[in-house]
Amino acid sequence: MRKIPLTKNMNKVFTFIIGFIKSNGQSPSFEEIKDGADLNNKSEVARYIMCLKDRGWITYERYKKRTIQVL
């Protein structure tokens, strides 16, 4: 599957996720992404997570904690 390019804000979220996983050994929570990527609220985080998933950059299971995996 070909990855679709990311917008500036999507790339900021994606870069934060990668750094967090490397530093902590697990994926970040939505609250940690909100704070780390300087977003306004968790619904904005959810939108970016779904976009990253739809574009082929991550996998994510809804309703489960810390399930983000970078592809």
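**A pocket, a helix crossing and an aromatic pair**

The largest pocket of this structure holds about 180 Å³ of space, a value that, like the others here, is computed from a predicted model. The residues lining the largest pocket are Pro-28, Ser-29, Phe-30 and Glu-31, together with Tyr-60, Tyr-63, Lys-64, Lys-65, Arg-66, Thr-67 and Ile-68. Sorted by class, this lining consists of five nonpolar, two polar and four charged residues.

From the pocket we turn to the helices. Two packed helices are described by the angle between their axes and the distance between the axes. Here the axes of helix 1, residues 8-24, and helix 3, residues 42-54, come within 10 Å and cross at roughly 90°, which means that helix 1 is roughly perpendicular to helix 3. Helix 1 makes the contact through Asn-9, Met-10, Val-13, Phe-14 and Ile-17, while helix 3 contributes Tyr-48, Ile-49, Cys-51 and Leu-52. In this contact of helix 1 with helix 3, eight residues are nonpolar and one is polar, with no charged residues.

Across the whole structure, a search finds three aromatic pairs.

Terms used. Residues numbered from 1 in each chain as written. Predicted model: local features only at pLDDT ≥ 70, side-chain atom pairs only at ≥ 80, totals over all residues. Heavy atoms only, no water. Axes fitted to C-alpha atoms, helices over the stretch in contact; angles between N-to-C directions. Helix = DSSP H or I, 4+ residues; strand = E, 2+ residues; numbered from the N terminus. Parallel < 35°, antiparallel > 145°, perpendicular 65-115°, else oblique. Contact = heavy atoms within 4.5 Å. Nonpolar A, V, L, I, M, F, W, Y, C, P; charged D, E, K, R; others polar. 1 Å grid on protein atoms, 1.4 Å probe; cavity = no way out; pocket = protein on both sides within 12 Å on 5 of 7 lines; lining within 4 Å. Points joined across faces, edges and corners; volume = space filled by probe spheres on them. Phe/Tyr/Trp six-rings, centres within 6.5 Å; stacked < 30°, edge-to-face > 60°.
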